[in-house]
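Trainee: I should like to learn how to read a helix and a pair of aromatic rings. May we work through an example together?

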Amino acid sequence: MSKGRLHASFPVSILDAKCVTVLGGQSRSLDCLLNGKSGLEYAPVLGPAGGDTVPLGLMSPMTNAFPPRWLPHLQAFGESIPDGPWGTPRYPVIFTSSNFAIDQLLAFSLDKREERVPWCSPHGCAKQLADGFGWGSNFHIYSHACVSAHLGIMHATKMLESNLADRVLLFSFDFLSPFVAGGFHSLKILNSERPAPWQNRPIGAIGLGDAAAFAVLGREHSPFKIICQHLGNEMYHFTSNEPQGSGFANTLAPVREALGDYRFWIKGHGTGTLESGRLEAQSFLLNFPHTPLTGWKGGIGHTLGSCGLVELVLAMEAVQRGQAPGIVGASPPFFSENCQPKAFPVNAYNGVLMASNAFGGAHALLFMTHA
Amino acid sequence: MLSRPIHSCHTLELPDTADPQTLAPLRATLPATVRRVTIMGLMVAWLTRQLSLSPDVAVIYATQYSEAHALERYLESFPLFSPLLFQTSIHPGAIQQVWIARKTPLQRLHPISGGTHIVASALQNALLCDAKQVLIIGGEEQSSWLHQHHIGSPNAFGFCLELGPQHTTGGIGTLSLKEESTGTSPPLLNFTKHLAAKEDIPIADPNGGHYHLHWATPQANNSSPL
């Protein structure tokens, strides 16, 4: 894969942003993560249909309910989004998710309840949500598994850079269902073990979690700015990376050149799988040898398509507190020496490098600076 | 004004994809060793088979229902889910199948979905992307039962619109963003038919303005595999 140039270097301001995870809002979530607490609990992988118990971060038990069991969580979270002419010209909404309301499609395939149908496609789900929040029809939908939120941020950046928007609302969410939990279980990476990101151990495992986040992006001044973004797709294999780590190296190279003298820490992807975890940790160590690496999917679970934005909001909260959580759920030995098992001070830094990965060897990086 | 030249345009509409004869010519566009490709993957392989890809290429992938046939089979496998069908039912499986089969890394992949404005969303993505070459690939698989509930397509179809660098000329037409708020919001199938007929069409942008597809030459640049 060619190293290429950065795919977005226009600085955008994060004017407002919040998230909710199984541990609570961003403040409560960070409290828990700083104390090493995990919200993952063992639950049947197929919800009401049973199955093996696996580590899941559920805001409520998985059911076949209609309306969707997660809708009240999302509606309550939506109350925190600032008022605005969202979904009208120059104020677009960008929905990003991996799952949308796929729980409703699985339930519909089983019970054929027609009231589920309007939710059963990505655009149907987005329209239901937009109508419910009183937003207009000027919205985009991105779905690229676990880098979905990054793609939404990049498109928002392009719209602002081209003066096609005054502000952009990014709305990202993923809630678990037997569809996705059963899928990852069939791949054997969601199993009876708890996730221990970047820990060098015999068995890899992930945990999954419910989450949602929003961000309002614009050009005005803000203490938090995203100053560069980059993408890559190895296209080596559906579920594994090129074994020499070229995908990580090639995606990091232009970002490393762009970061110059910034002092930063890294929030990696770190799901708890072994091979991609080893490649990711070693690649960060090689490119940024004295830079702390942390990740929080051992505490909130892998929140799938929303993870890029959820974890960005948690990073902003960490910066404001001056303390970043360590790698929740993992302990030495790690795949690289820059892994941080404990919470660490971040006052001496002026940036955070955020990474997410997805099927197909997809890589997404963004760099956030703060005043 | 944002604009890009259109360098090539390929479209495809298939009859019943449950008939193996329909898919046989598409399979020939992938290496013989490649198996278990979805119908959408086969269509993408056929639509892109003659393209010369720049290292600086971006793919905008637009589909409302994605791998509907694979998705139906995955749903039907409940509660004994298939790992293969799980992977291939995930957006954007079709692009990944083809690019992995051809062993071609891809720096920029922008998979989108959408309803009324999915075409406008795809065109906006293409015009804002700073890659030298942009492929807008779209389409749907023929579902077997989802379309009966309007959550799948009754037809299999696809298109690939190849665009050149921003603000350059040449090619067989032009895609541009214009300020006047006008135009329609065609669904993907109708857009595919417009492309096949090389019709000048204004596409309404809900963000204001419209996207204009202008063809410099009327001759078709696509052909049917059947």
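Mentor: We shall take the confidence scores, then a helix, then the aromatic rings. Please keep in mind that this model is predicted.

Trainee: What do the scores say of the model and of chain B?

Mentor: Where pLDDT is low, the predicted coordinates should not be read in detail. Here the model scores ipTM 0.96 and pTM 0.97. Chain B has a mean pLDDT of 92, with 96% of its residues at 70 or more.

Trainee: Where does helix 7 of chain A bend?

Mentor: Helix 7 of chain A covers residues 246-259 and spans 20 Å from its first C-alpha to its last, close to the 20 Å expected. A bend of about 30 degrees occurs at A:A253, and the proline A:P254 follows within four residues. Both A:A253 and A:P254 are among the buried residues of this helix. Those buried residues pack against several elements of chain A, including strand 11 (264-267) and helix 8 (274-287). After the helix comes A:G260, with a positive phi near 50 degrees.

Trainee: Why is the pair of A:F95 and A:F171 edge-to-face?

Mentor: A pair of aromatic rings is described by the distance of the centres and the angle of the planes. A search over all chains finds 26 aromatic pairs. The planes of A:F95 and A:F171 lie at 80 degrees, with centres 6.1 Å apart, so this pair is edge-to-face. A:F95 belongs to strand 5 and A:F171 to strand 7 of chain A, 76 residues apart.

Trainee: Is A:F95 buried or exposed?

Mentor: A:F95 is buried, at a relative accessible area of 0%.

Technical notes. Residues are numbered from 1 along each chain as its sequence is written. Chains are lettered from A and ligands numbered from 1 in the order in which they are written. This is a predicted model: local features need pLDDT of at least 70, side-chain atom pairs count only at pLDDT 80 or more; totals for chains, interfaces and linings use all residues. Side-chain values use heavy atoms; hydrogens and water are left out. Helices (H or I, at least four residues) and strands (E, at least two) are DSSP runs, numbered from the N terminus. The expected span of a helix is 1.5 Å times one less than its number of residues. The bend at a residue is the angle between axes fitted to the seven residues ending there and the seven starting there. Buried means under 20% relative accessible area, exposed over 50%, partly exposed in between (1.4 Å probe, protein chains only). Contact means heavy atoms within 4.5 Å. pLDDT is the predictor's confidence in each residue, from 0 to 100. Rings of Phe, Tyr and Trp (its six-membered ring) pair if their centres lie within 6.5 Å; planes under 30 degrees apart count as stacked, over 60 as edge-to-face and the rest as tilted.
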